[in-house]
Amino acid sequence: MTRPVRPLIWFSLLGAQALGRITFPDCVGGPEILTSNLVCDTTASPAERAAALISAWNITEKLVNLVDKSLGAPRLGLGAYDWWNEALHGVGWSPGVAFSPAGEFSHATSFASPILMSAAFDDDLIHDVAEAISTEARAYSNFGHAGLDYWTPNINPYKDPRWGRGSETPGEDPFRIKGYVKALIDGLQGKENITKVIATCKHYAAYDLEFWGGVKRYEFDAIVGMQDLVEYYLPPFQQCARDSKVKSIMCSYNAVNGTPACASTYLMETVLRDFWEWNDESQYITSDCNAILNFHEDHNYTTTAAQSAAMSLISGTDTICEVGSNTDIAGAWNQTLLPEPVIDKALRRMYEGLIRAGFFDPADVTPYRSLSWKDVNTPEHQALALRSAAEGIVLKKNDGLLPLKVDNETTVAVIGFWSTATNLAMLGGYAGLPPYLRGPLQAAQKLGFRTTNASGPVKQAASDTDTWTAAAIEAANNSDIVIYFGGNDMTVEAEELDRVSIAWPSAQFALIEKLSALGKPFIVVELGDQNDDSSLLADDNVSAILWAGFPGQDGGTAVFDVLTGKTPPAGRLPTTLYPAEYVEQVPMTDMTLRPSEKNPGRTYKWYDDAVLPFGFGLHYTTFEPSFGPDAFAGKTYEIGELLEACNAKYLDLCPFETVGISVKNTGNVTSDFVALAFLSGEYGPAPHPIKELAAYTRVKAVKPGEAKEAILGLTLGDLARVDELGNTILYPGTYKFLLDVPTQATASFELTGESKVLIEFPQPPADLGEGNGHEKYTPKPQQTV
């Protein structure tokens, strides 16, 4: 699903030509074959309505509706429908979304990228943003500009700093991602009987490589052990499917342990639908775009397009996304590879999703059909977009220069490639058309600062022809304070573009050194994902460093709100900041997490030599967080008794304890504080992780001298660890509870008795596609390396 960076006008023109602009079926004035069908009876169950609809279709109609550009069934009064709609951090450009050239539905609110929003560690914020996005998405749908399903969120854990799509995710920690997912899905899908929008959790599973070392995502076979699979790669999807009941899931391009993900009955049927019980509403699975083509063109798993189409649908995929027209569903049918009951099941699942979203219901009985253009980019949504960026910004360094005093006597040099927001750099991937772009220069001028300005390089090498340094030095020399706006844009990291280096691009680093050498107050503000800041942190001439991710439509305002203290910084790094040499120590294709002779370890759980650790973030004040006086107090708990006291359906969700904390502001600036609590200990299978995030909350607006109380809740699943077979087990041992990064308070407790399995995970067959009749498809022999 590549969306290259293009000018705004390009998106506007293509959006206006989007295929499959939605028209709601007319169950009152439509053809009698539709109005008399049970699908129009709102008193019938969604499953009954979907079955009745599909039973009215002939085989030709069925075959053309198994791809993302569904042609509908004109005979029944059903128009075309495009299932490919995007809304990662706002209604986004995609084939199903039609932005108008001007006027109504010509733009949508563009919030901060997921990685930046996640850094706020504020699930209420995520829920509010999701509600705003779904409101705007519904308005677009109601007026024919988009569908009712959206392919968001991207919840693959971001374990390798080179991954080009890391900014689309909530970060590296599965526990953090689960909290993000819960809040987001609730906000997107709503709590009414009618689904607000159909959310789609992607990419299932073990997907985090684009193109690295000659290996493309389309052909990559992710070799993942059961321990890593269950402990790291699958928890976000368990939250989506089992606990949040997301309406749709996307299977990924890569293979997992030899079988393409979209052909894996183990992943899609055994785990997803059977074990996680993701079948109560006949939810559906879509393929990633051209993932089925990859079966025969890249994975060498089948020999023909017809075989690939049949295998994917029989294995559990319900709708196939294609770029162009390359899926031979008709051939699969004509060659008797694809049984009609499989086709019917897939279509029933898809259309039950639309029925649950009110697609066939009268507008006056559907709670969301009244949403319109007036509900898009409202003042409330604009304020929320600003907040979504400002609250996640992370302060990495501050020698006391910040916060800046706002006055009209100070001249600020605003330097760098995204300083003026004349491009789309602040938006990041999967963005839509924003109503405006307010960059740093505009924000500085609005505050009343005098300004000088110069652009800068992006991914150029220091040896390239230098067309930027002279102007930058001149702007800096004519200023009192120098602020460099650099980092990475989508030409450095993006879909189909992994990084080779995580050092600063050499031309940018050379410019930073020259600006630093001037000896003026100097601030660096970083766009995109993390670069190795070791030299900048050590440079006494670099006064402050902020990380701003991709901050969205009001990114410049958000940055200056933080720089001036209007929004004091409280974000925490959602990923580990690795040294540049890390990329030489482990290949991207290595899916293991634990350290070994070939792997120094991945994420903060297994790697302890970070430039800055996961969860790091400075403030304009100082805090003393502490546990309440009764926090564990050396308590002992017997494992069997804990389980006997629980009546939860899933044992990992059994409540354990709620722990009180106090956050005291010992400085002189009112500020939020993100409380991060970790568990650590030598219990369960070795090697043992350094620590693991177990609870978090954002404590709001703590005044100087004030101590605010908060509660952290723990479940038995938060305490458990995963064995080599993928079973989640509660082990006896001493558990240390660590508060903050770096640790400022510690409590401990002990579990006694015998280990107990909380989740006995289903084991995979030798062939992950077992049971789907692979012998029919005469796959090519697998090549050995």
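Is aspartate 208 buried or exposed? At 3% relative accessibility, aspartate 208 counts as buried, where buried means under 20% relative accessible area, exposed over 50%, and partly exposed in between (1.4 Å probe, protein chains only). Before going on, a word about what you're looking at. This is a predicted model, in which local features need pLDDT of at least 70 and side-chain atom pairs count only at pLDDT 80 or more, while totals for chains, interfaces and linings use all residues. Residues are numbered from 1 along each chain as its sequence is written, and side-chain values use heavy atoms, with hydrogens and water left out.

Back to aspartate 208, which has a partner: lysine 159 forms a salt bridge with it, and the closest N and O atoms are 2.4 Å apart. A salt bridge here is a side-chain nitrogen of Lys or Arg within 4 Å of a carboxyl oxygen of Asp or Glu. Lysine 159 sits in the loop between strand E3 (149-150) and helix H7 (174-189), and aspartate 208 in the loop between strand E4 (198-204) and strand E5 (211-212), so the pair ties together parts that are 49 residues apart in sequence. Those helices (H or I, at least four residues) and strands (E, at least two) are DSSP runs, numbered from the N terminus. Lysine 159 is buried too, at 1% relative accessibility.

That pair is one of 44 salt bridges in the structure. In general, side chains of opposite charge can pair when their charged atoms come close. Take aspartate 122 and arginine 387, whose side chains meet in a salt bridge at 3.5 Å, N to O. This pair links distant parts of the chain, 265 residues apart: aspartate 122 is in the loop between helix H5 (114-118) and helix H6 (123-142), and arginine 387 is in helix H15 (residues 379-390). Aspartate 122 is buried, with a relative accessible area of 4%, whereas arginine 387 is partly exposed at 25%.

Next, look at arginine 499 and glutamate 493, whose side chains form a salt bridge at 3.9 Å, N to O. Both of these residues are buried. Elsewhere, salt bridges that share partners join Asp122, Asp128, Arg387, Glu391, Asp672, Arg698 and Lys700 into one network.

Finally, find serine 662 in strand E20 (residues 655-665). Serine 662 is buried, with a relative accessible area of 14%. Its side chain makes a polar contact with the side chain of glutamate 709 at 3.5 Å; a polar contact is a pair of N or O atoms within 3.5 Å, and within protein one must be able to donate a hydrogen and the other to accept it, while residues adjacent in sequence count only if both atoms are side-chain atoms.
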